[in-house]
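Reader: Could you walk me through this model, feature by feature? I would like the general idea each time, and then the case at hand.

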Amino acid sequence: MKMESSNPPKIVCFMCNWAFCEEEMRVPYNVNVIRVMCVGRMDPALVLETFANGAEGVLLVGCKPPDCHFVDGNLHAERAVKMLKKLLALAGLEPERLKLLLVSPLEDKDFSRHAKGFSEEVWKLGNSPLSKEEIVANLIAAKEAASAFRLRVLLGREEELTEFMNAYGEKIPEEEFDALLDDIVRAEFIRYKIHYLTRTKPRSVKELAQILGIKPSAVLRHITNMRRKGMIALDHVEGYTPLYKALEVR
Amino acid sequence: MTEKLLQEVRKFPPCRAACPAHVNVQAYVALIQRGKFKEAVEVIRRDMPFPAICGRVCFSPCEDACARVNLDQAVAIRALKRLVADIEREQGRVVAEPVPKKYGEKIAIIGAGPAGLTAAYELAKLGYPVTVFERMDEPGGMMRYCIPDFRLEKFVVANEIAYIKDIGVEIKTGVEFGKDITIKSLKEDGYKAIFLSIGTQLGMKLNVPGEDLEGVINAVDFLRAIALEKKITVGERVAVIGGGNTAIDAARMAKKLGAKEVMILYRRSREEMPALPHEVELAEKDGIKFYFLVAPKQIIGENGRVKAVECLRMRLGEPDESGRRRPIPIAFSEHQYEVDMVIPALGQIVETSILPPELISKEKRGPPLQVDPLTLETNVPGVFAGGDVATGPASIIEAVGAGKRAAVSIHRYLRGEDLRKGVEEEKIEETTWVKDWRLLEKKERRYDAPIEKPHLSFEEAKEYLEKLKRQARFEAFRCLGCGPCAECLASMDLCEGDKAVVDEGKCVGCNVCAVVCPVGAIKKNEKGVAQVNEDLCKGCGLCAARCPERAITMKKLSDEQIITMVLTALER
C-alpha cells in the first residue's frame with residue numbers, strides 16, 4: 001500500500017456519552033470527538049454529510065450489547081452502518097472509511113489505541129480514486145437518499161420486520177431483507193443522483209445513462225418513477241430527445 | 001429542597017418512591033456509573049445525612065422495589081451506598097461549610113436519634129438556628145447505643161454526626177428531657193418550635209413469672225450497657241426471646257462476648273421473622289441456634305438466679321392484623337431450656353413517664369402520643385413529634401423520613417404557611433420505562449460491598465480500591481434508570497437533558513418513532529400525530545435519527561448543531 005497523502009487523515013468520531021466516560025481521553029490530534037447521547041442517535045444522513053464536508057474517516061463509538069443505556073441503540077447503529085456502507089460503496093468511497101466500534105464502557109479504557117488504529121487504516125486507503133467534485137456530488141446524492149422517506153422507513157422498521165412480524169404476520173428472513181435493502185439503496189441512490197445531475201441543467205436519458213454508467217432503459221424507469229413522485233419534470237424537447245430537469249423537493 | 005419535593009407532582013422511579021426518605025437513588029447510582037463517587041455522596045446528603053449508616057444497616061426498601069427484579073435481581077443499592085460513603089470517609093472526612101443563619105427563630109429538638117438529627121440537619125440547611133438536646137453522653141440514639149459495633153461502627157456514626165454539626169447544628173448532650181428541660185422551660189428560653197423525637201427507649205416486658213430474677217436483662221439494656229462499656233457478665237448458655245433485628249443483634253453480641261451457647265426462641269416460624277434474612281444467615285454462621293414456635297411460660301430461678309426457661313410449643317393459626325399468622329399455644333407442651341441468662345427482645349415502648357401529661361393521648365389503646373401522621377403536629381401548638389415515639393419502633397430510614405417531614409412542617413409553621421398544603425394530596429407516581437423486557441439482557445447481581453477491610457500495603461491498597469470502584473461501577477451499570485431525569489446535577493456534558501420535539505406539520509404518522517423509542521415515550525395521539533411524553537423521554541435521539549420525514553428534532557443536540565460541530569472540527 002502506498003501512502004498517497006502525507007498528512008494524517010481528518011477523522012470525525014461520534015461517541016456515545018457513556019463510552020469512555022470516566023477519564024480524560026487522550027485523542028490523536030487528527031481525530032475530532034463529538035459526543036452524542038447514544039450512538040444510535042447518528043442519523044445516516046448526518047454521517048454522509050460529515051463525509052461530504054471533507055472528513056476522510058468517520059468512527060462511531062458505542063457500547064457493547066448488554067450495556068447500551070437505551071436498550072438497543074447500538075443495534076440501531078449497526079443497522080444504519082450496514083446501510084451506510086452500501087451507500088458509501090455506491091458513492092465511490094471505500095466502506096472501510098466508516099467504522100462502528102462497540103466497546104464495553106467499563107472494560108475498555110484506551111481510546112487512543114482504537115483511534116490510532118482506525119486512523120492508520122484510513123491513512124492506508126489514501127485519497128479516493130475519484131475526483132473531489134465527483135465524490136462530493138455522489139455524497140450529496142447519497143445523503144439525500146438517506147434523508148428520504150423510503151430508506152429511513154425501511155431502516156426504522158428493520159427490527160420489526162426481521163425479528164417480529166410485518167402487517168401480514170410474516171417474518172422476513174434476514175437475507176431476504178438484505179437483498180431488498182440492497183435494491184432499494186441502489187435505486188434510491190441513482191434517483192437522487194439523477195436529481196442532483198439535472199438540478200443545474202436539463203439532461204437527456206442518454207446523457208444520464210452515460211454519466212451513471214447504466215443502461216438507458218434503467219434510467220428511463222427511474223425517471224418515470226421520479227416523475228410520479230414529483231421529483232423531476234420534462235423541461236423541453238431537443239429534436240426528438242426529451243430533456244428532464246429536477247423539481248424542488250419539498 | 002424538602003419543601004420543594006413535597007409540593008411537586010412527583011414522578012419517581014420505584015426505588016425512590018419506596019424509600020421513606022425519598023433518597024434520590026437513581027441519581028447517585030448514575031453518578032457511580034460515571035465513576036463520580038464523591039458527587040454520589042453529595043447527592044445522598046441532599047436527601048439525608050446518613051449515607052454510611054444507611055449503607056450498613058438500612059433494610060433497603062429501595063431494593064425490594066427495584067424494577068430490575070422483573071429481569072434478574074435488584075441492583076445492590078445499599079452496598080453501593082456503603083461503598084461510596086466509605087471511600088469518602090477513608091479519604092478524609094469532608095468538612096461541610098456552615099450554612100448561614102437566615103432566620104431568627106430558635107428551634108429545639110429533643111433526642112439526637114436519626115429522626116431528630118435529620119430534622120436538625122434539614123432545618124439548619126434552611127437557615128434556622130437549631131439546638132439538639134440529648135440525654136446520653138454521645139448523640140446518635142439507637143444508632144450509637146443499640147446497634148452493635150460489628151454491624152455499625154461507632155466512628156461511622158460519629159463521622160456522620162460531625163457533618164451535621166459542621167453545617168451549624170448545636171448538639172447539647174447530657175441534658176435530660178423532663179428533668180433538666182421541659183416544654184415550658186424551652187418556650188421560656190425562646191425556642192419557637194420544638195420537635196420531640198425521643199424514640200422508644202424501654203424494652204417490652206415478657207409478662208411471665210420470674211422476670212425479675214438475676215440474669216434476665218432486656219435486649220435494649222443489654223446492648224446499651226455494652227455500648228457504654230459497662231462491665232457485663234454474659235452467661236454460658238443464653239436464651240434470646242424474640243425474632244426481630246434487636247434479638248439477632250443481642251444474640252450475636254452475646255456469642256461474641258463469650259457465651260458458649262446462644263439460642264433464639266421465637267414464637268412463630270422462620271418465615272414470619274421480622275429480622276432481615278441476611279442478618280439471620282450471619283447469626284446462623286456465628287453458631288446461634290434457632291428454636292421456632294416456642295414461647296416462654298415462666299423463668300425458673302434458683303437462689304435468685306436464672307436456671308431455666310419453661311416454654312410452651314405453639315402452632316400457627318389465622319393471620320392477624322399484622323398479616324402474620326397468629327401463634328396459638330399447645331396445651332401441656334411445657335418443656336425447659338437450661339440457661340443462665342435470658343434476654344427478652346420483644347420490641348420497645350415509649351417512656352411515657354417523661355412525656356408531659358398534656359401530650360399524652362386520652363385513649364388507652366394505640367400510641368401514647370397524639371400526632372397528626374401527615375404534619376407531625378401534636379395537640380400543643382409549636383410542638384411536633386415524630387420518629388419511633390409517634391409510630392412505635394421502626395427503622396432508621398423511616399425515622400429519617402419523619403425527620404424530613406417534621407422539618408417541612410416546622411418551617412411552614414414558623415413562616416405562617418399552611419401546613420397541609422400539598423402534603424395531603426401527596427401522590428407519588430411511579431415510573432418504569434422499559435417497553436419490552438425481552439430486549440434486555442440478563443446481568444446477574446454478584447456484588448456486595450466488602451465487610452472487612454484487608455490489611456494491605458500502599459500499592460496494594462491503591463489496586464484494591466481500583467478493583468472496588470470497578471466492581472461498583474459494574475453493579476451500577478445494572479441500573480435501568482427507571483425514572484425521568486434523575487437530577488443528578490452532574491456536569492451537563494454527561495447528560496444533555498435532551499428531549500425530542502415533533503413537528504406536527506411534517507409528521508405522517510408512520511409509527512417508526514414509536515417502534516424505535518426504547519422507552520415507549522412516543523405514541524400517536526387521536527389526530528394520528530406522534531406525541532412525545534416528556535416525562536419518559538430520555539433524549540437518546542434514536543427517533544430523530546430514524547424519523548422518515550425528519551419531523552423529529554432534538555431540543556439541544558439537533559441535527560444542525562451536530563453539523564456545525566462537524567464543520568468546526570474539520571476546519572481545525
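Reader: Leaving aside neighbours within four places in sequence, which residues is A21(B) in contact with?

Author: Two residues are in contact if their C-beta atoms, placed from the backbone, lie within 7 Å. By that test, A21(B) touches D47(B), M48(B), I397(B), V400(B), G401(B) and K404(B), once its neighbours within four places in sequence are left aside. A21(B) and E398(B) are 377 residues apart in sequence, yet their C-alpha atoms are 6.8 Å apart in space. This is a predicted model, in which local features need pLDDT of at least 70 and side-chain atom pairs count only at pLDDT 80 or more, while totals for chains, interfaces and linings use all residues. Residues are numbered from 1 along each chain as its sequence is written, and chains are lettered from A and ligands numbered from 1 in the order in which they are written.

Reader: Where is A21(B) found, and is it buried or exposed?

Author: Helices (H or I, at least four residues) and strands (E, at least two) are DSSP runs, numbered from the N terminus. A21(B) sits in the loop between helix 2 (14-18) and helix 3 (25-33) of chain B. A residue is buried if 20 or more other C-beta atoms lie within 10 Å of its own, exposed if 12 or fewer, and partly exposed in between, with C-beta atoms placed from the backbone. A21(B) is buried because 25 other C-beta atoms lie within 10 Å.

Reader: How should I read a positive phi?

Author: Most residues other than glycine have a negative phi. L293(B), not a glycine, has a positive phi of about 60°, and N303(B), also a residue other than glycine, has a positive phi near 55°.

Reader: Which loops hold L293(B) and N303(B)?

Author: L293(B) is in the loop between strand 9 (289-292) and strand 10 (294-302) of chain B. N303(B) is in the loop between strand 10 and strand 11 (305-319) of chain B. L293(B) is buried, with 21 other C-beta atoms within 10 Å, whereas N303(B) is exposed, with 7 C-beta neighbours inside 10 Å.

Reader: And how are the domains of chain B laid out?

Author: The bounds come from an automatic or database domain assignment. Chain B is divided into domain 1 (2-94 + 431-476), domain 2 (106-201 + 350-414), domain 3 (203-346) and domain 4 (500-571). The C-alpha centres of domain 1 and domain 2 of chain B lie 27 Å apart, and 19 residues of domain 1 of chain B are in contact with 26 residues of domain 2 of chain B. On the domain 1 side of that contact, helix 1 (2-7) and helix 5 (51-57) of chain B each supply at least two residues. Helix 5 of chain B gives the most, with five residues. By class, that side has 14 nonpolar, one polar and four charged residues (Ala, Val, Leu, Ile, Met, Phe, Trp, Tyr, Cys and Pro count as nonpolar, Asp, Glu, Lys and Arg as charged, and the others, Gly among them, as polar).

Reader: How many residues of chain A are in contact with chain B?

Author: 38 residues of chain A are in contact with 41 residues of chain B. On the chain A side, strand 2, helix 1 (44-52), helix 2 (73-91) and helix 5 (149-163) give two or more residues. Helix 5 of chain A gives the most, with seven residues. The chain A side has 17 nonpolar, ten polar and eleven charged residues.

Reader: What order do the strands of the open sheet in chain A have?

Author: Strands of a sheet pair through backbone hydrogen bonds, either parallel or antiparallel. Here, two strands pair if DSSP finds at least two bridges between them. The open sheet of four strands in chain A has the order 2-1-3-4, with parallel pairing. Its edge strands are strand 2 (31-36) and strand 4 (98-103) of chain A, each pairing on one side only. Strand 1 (residues 11-16) and strand 2 of chain A pair in the parallel sense over six bridges, and M15(A) has R35(A) in strand 2 of chain A as its bridge partner.

Reader: And where is the antiparallel case in chain A?

Author: Strand 6 (residues 232-238) and strand 7 (residues 241-246) of chain A run antiparallel, joined by six bridges. H236(A) stands opposite L243(A) in strand 7 of chain A. Their hairpin has two residues between the strands, and G239(A) takes a positive phi near 65° there.
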